[in-house]
Amino acid sequence: MSHFHFFDQRLETLPREQLRALQTERLGRLLREMSANRFYAAKFAAAGLRREEILTLDDLQKIPFTTKSDLVADQAAAPPYGTLLSYPLSRYTHLHQTSGTTGRPLLWLDTKEDWADSWLRCWGFVYRGAGVTENDIIYFAYSFGPYVSHWAAIEGARNMGALTIAGGGLSSEQRLRAILDRRCTVLLCTPTYALHLIEVARRESIDLRSSAIRVTIHAGEPGASVPNVKRAIEDGWGAHCYDHAGATEVGAWGFGCEARTGAMHLNETDFFFEVIDPATLRPAAEGQRGELVITTLARPGMPVLRYRTGDLVEMVTSPCACGRTLARIQGGVIGRADDMLIVRGTNLYPSAIDNLVRSLPFILEYEVEIRRVSGMDDLRFRIEAADLPSGDPAQTLVEAFRAQFNIRIGVECVPAGALPRYEAKARRFKRIPDPPLSERL
Ligand SMILES: [Zn+2]
């Protein structure tokens, strides 16, 4: 008997050729459910394709990619929900939206069946992957806004039989008190907020390491797969920290496992994954960095076929030490294709910067302004730092960047509490737009 937990051990350990057969069958069922889907009818017609021609996973390659801007344009042209619905509106029971950080939020509908068969199931994989069971008491330290992950996470936990506590509408101090008093064993929040709670506990002289929390599960930012962020969370909470990945348009598609190799599993029972070179759009080789493309096999109400996530990953299909045959992405989501910075000829992702900053524990919080100067990105940091017995915090950060990336950065120290703390997705990286031409002349 292995000591690893599974949600559906048979499916999670299927030989890969049987897994492909399962995906092929689910793809066929999905396409049949999509007969009234106007968005894909138009996309297929534009490509000169008939639905009946798509019989295998290889045939999927004939379908053009779907991008977020396709979906935004569709909802703008046919408000409020666009043309991606496979069923009449009366069949849907759940409406959520994206955060809209890059523009107009997308509205997303689920039927009762899609909610149960996709969201609740997929969260089962996330929890069991992290060794969470029906005996756990799970605290959800976020606001319960219009975002699908907030609701899917708590209902997925209830579906599994765990005791769940919603921590919406409370201060950080009240949440910490609840976590301790109710002997919660599992914490869900963003990685940034887990670090913030550590800071608050320290201020209030609360010993988090002696709390009952044994597992923390994070999403919304790549933090839990960034080694130094993960270490800071694990040290502060005295718990094992797990990453998870999902998107409103897709579902909860990635999860960590108890082998704790630093990789995330891909839920290939509910989704079909491809990795492409974002420049050529050709398939990337095994293990090669590329953009993750997802087809939702089990969410027919509002499906996406070959959806370009913008997430950069390195996918491998060798079996994991936990026994799962599901593919993995090494180091989780490495970055977003459009977030890459080019600093003095060096390609840098925000997660690499975060990893370096978090190796310097005297930096309590930080923010980066990115300016484009003669085609290169220039980084200016603002940091809140604890006093150092010797040496200057700003200079130490400058030297760490020079040593690790061979780049020069600007650093300004600001007073404690001057920078924002985040409960939802942190926005530490701020791109400063180019000044208008008239100001440059
Ligand atoms: Zn594993």
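**A residue with positive phi, and a second one**

Leu281 lies in the loop between β10 and β11 (289-296). The structure is a predicted model, and in it the phi angle of Leu281 is near 65°, a positive value in a residue other than glycine. Most residues other than glycine have a negative phi, and most peptide bonds are trans. Leu281 is partly exposed, its relative accessible area being 35%.

Arg306 also has a positive phi without being glycine, with a value near 50°. Arg306 is placed in the loop between β11 and β12 (307-316). Is Arg306 buried or exposed? Its relative accessible area is 4%, so Arg306 is buried.

**A cis peptide bond**

The loop between α4 (68-77) and β1 (92-97) contains Pro80, and Pro79 lies in the loop between α4 and β1 as well. Pro79 and Pro80 are joined by a cis peptide bond, for which omega is about -5°. Pro79 has a relative accessibility of 56% and therefore counts as exposed, the cut-off being over 50%. Between Pro79 and Arg50 there are 29 residues of separation in sequence and 27 Å in space, taken from C-alpha to C-alpha.

**The loop between β9 and β10**

Two residues of this loop can be described together. Asn267 has its place in the loop between β9 and β10, and Glu268 is found in the loop between β9 (263-266) and β10 (271-276). Asn267 has a relative accessible area of 0% and is therefore buried. Not counting residues up to four places away in sequence, Asn267 touches Cys122, Phe125, Trp253, Phe255 and Phe273.

Glu268, at 6% relative accessibility, counts as buried because the limit for that class is under 20%. Which backbone atom does the side chain of Glu268 reach? The side chain of Glu268 comes to 2.6 Å from the backbone nitrogen of Ala327. When neighbours within four places in sequence are left aside, the contacts of Glu268 are Arg16, Leu19, Gln23, Phe273, Thr325, Leu326 and Ala327.

Leu188 belongs to strand β5 (residues 186-188). With a relative accessible area of 3%, Leu188 is buried. Apart from neighbours within four places in sequence, Leu188 is in contact with Trp123, Tyr127, Ile138, Tyr139, Phe140, Ala141, Tyr142, Ala153 and Ile217.

Gly131 is located in the loop between α5 (112-129) and β3 (137-140). Gly131 counts as buried, at 6% relative accessibility. Its contacts, with neighbours within four places in sequence left aside, are His5, Asp136, Arg214 and Glu258.

| Pair | Separation in sequence | C-alpha separation |
|---|---|---|
| Gly131 and His5 | 126 residues | 5.5 Å |
| Leu188 and Glu25 | 163 residues | 34 Å |
| Pro79 and Arg50 | 29 residues | 27 Å |

Gly131 and His5 stand 126 residues apart along the chain, with their C-alpha atoms separated by 5.5 Å, and His5 is one of the residues in contact with Gly131.

**The pair of helices α7 and α8**

Helix α7 (residues 172-181) and helix α8 (residues 191-203) have axes that come within 10 Å and cross at roughly 85°. How are α7 and α8 oriented to each other? They are roughly perpendicular, because an angle from 65 to 115 degrees is placed in that class. The contact brings together Ser172, Glu173, Arg175, Leu176 and Ile179 in α7 with Tyr193, His196, Leu197, Val200, Ala201 and Arg203 in α8.

At the level of the whole chain, the division is into domain 1 (1-336) and domain 2 (341-440). The centres of domain 1 and domain 2, taken over C-alpha atoms, are separated by 29 Å. To their contact domain 1 contributes 23 residues and domain 2 contributes 15 residues.

Key. Residues are numbered from 1 along each chain as its sequence is written. This is a predicted model: local features need pLDDT of at least 70, side-chain atom pairs count only at pLDDT 80 or more; totals for chains, interfaces and linings use all residues. Side-chain values use heavy atoms; hydrogens and water are left out. Axes are lines fitted to C-alpha atoms, for helices over the stretch in contact, and angles run from 0 to 180 degrees between N-to-C directions. Helices (H or I, at least four residues) and strands (E, at least two) are DSSP runs, numbered from the N terminus. Angles under 35 degrees count as roughly parallel, over 145 as roughly antiparallel, 65 to 115 as roughly perpendicular and the rest as oblique. Contact means heavy atoms within 4.5 Å. Buried means under 20% relative accessible area, exposed over 50%, partly exposed in between (1.4 Å probe, protein chains only). A polar contact is a pair of N or O atoms within 3.5 Å; within protein, one must be able to donate a hydrogen and the other to accept it, and residues adjacent in sequence count only if both atoms are side-chain atoms. Domain bounds come from an automatic or database domain assignment.
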